[in-house]
Amino acid sequence: MTTITQYAKDQPAGFTNRIEKVAIVGASGQMGRQFTKALLATGKHQVTVITRPESEAVFPNGVTTIRVDYSGDDLADLVTALRGQEVLLVTLNVRAPPGTVSKFIRAANEAAVKYILPNWFGQDPTNKDLIDGMGFGTMRDGVFAALAEANIKYFFLGCNFWYEFSLAGGMDRYGFDIPNRKYTVVDSGDVKVNTTTWPQCGRAVAALLSLKELPDDADDETPTLAQFTNKPVYVSSFFLSQNDMFESLKRVTGTTDADWTVTHDVSKERWQGALEKVQTGDMRAFGRLMYTRGWFPNGGSDLQNTVGLANDILSLPVEDLDEATKEAVRMAMNNEVPY
């Protein structure tokens, strides 16, 4: 399909060429909180939180809260709540009931919302082998099918796994049990992957929605939201191997190799074993399945050398690895990893 470039100079009277009104579903969750905080920090956006009537979540000052029961098939109240919004950020738990994201896509489309982030902030959704191997193929296909039926623009956040969450989350994630000082090396531990902190994800979306929507004219080469429409925007905090993470952990904790119990595993065998467990209904192996697939050599987790990052375009800061590792250690030692 041929894309026709639009320019701000050709838009109807009243077009502002900036995104002002942003609605968020799931604003009390990990990613929703980051998006809300970062958007408010820009001072450029009116943020509306869409939440369930029974929710007891407390939201930051400066947001508008609309309570909507979106559990059923009737979308009328949800459509009403979304009218006038320019962007909808859907940030639901991956365990949300099937069809929930598609429901928000349909409602946003009916409410004439311009853009939607359809609950995708992780691995590259355009890499079919990677997503299928991580067990997210059905979810991705459902999102793409709903988007294909709607007349709404969209973007995905291609950030890969979250750094502090994954480092603190145990052996099945990045391979570390921080409280008990255990480390499982997958293959040689030298495969590098892009990984992103929660705050960097929030800054990325806020920066994206703070760009001009369209170029002013054919001579305007400044970044715009339009250039990221209907595809992922790829961002990252660090490009690391497991061994790089281990070195940071030792620096932060003041430990040496001798203080850690180190074991080894083979990526393809580890992944296959997890897959077999998931296929028999043991979903406890799902984390091992998706994280191990991310460690496959040339497996699609190197974003910066394949698809390229938007960090510079979005003016994202260069983060301190050991500071992020300190946060992971704090989370692990205080049992604050959310799931």
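Predicted model: local features only at pLDDT ≥ 70, side-chain atom pairs only at ≥ 80, totals over all residues.
Biologist: In which sense do strand 8 and strand 9 pair, and over how many bridges?

Modeller: Strands of a sheet pair through backbone hydrogen bonds, either parallel or antiparallel. Here strand 8 and strand 9 (residues 182-186) are antiparallel, with two bridges. Strands are DSSP runs (E, at least two residues) and helices likewise (H or I, at least four), numbered from the N terminus; two strands pair if DSSP finds at least two bridges between them. Residues are numbered from 1 along each chain as its sequence is written, and side-chain values use heavy atoms, with hydrogens and water left out.

Biologist: What is the order of the strands in the open sheet?

Modeller: The order is 8-9-13, with mixed pairing. Strand 8 (176-177) and strand 13 (261-265) are the edges; each has a single partner strand, so one side of each lacks a neighbour in the sheet.

Biologist: Which residues make up domain 1 and domain 2?

Modeller: Domain bounds come from an automatic or database domain assignment. Domain 1 covers 19-160 + 197-234, and domain 2 covers 162-196 + 238-303 + 317-334. Taken over C-alpha atoms, their centres are 28 Å apart.

Biologist: How many residues of each domain are in contact, and how much area is buried between them?

Modeller: Contact means heavy atoms within 4.5 Å. By that rule 20 residues of domain 1 meet 22 residues of domain 2. Buried area is the accessible area (1.4 Å probe) that two parts lose on being put together, summed over both. The two domains bury about 1,800 Å², 61% of it on carbon and sulfur atoms. Of the area that domain 1 buries against domain 2, Asn 160, Thr 197 and Trp 198 supply 38%, more than any other three residues.

Biologist: Which residues form the salt bridge?

Modeller: A salt bridge is a side-chain nitrogen of Lys or Arg within 4 Å of a carboxyl oxygen of Asp or Glu. The count between domain 1 and domain 2 is one. Arg 203 forms a salt bridge with Glu 319, their closest N and O atoms lying 3.1 Å apart.

Biologist: Which elements give two or more residues to the side of domain 1 that touches domain 2?

Modeller: Those elements are helix 4 (128-134) and helix 7 (198-208). Helix 7 gives the most, five residues.
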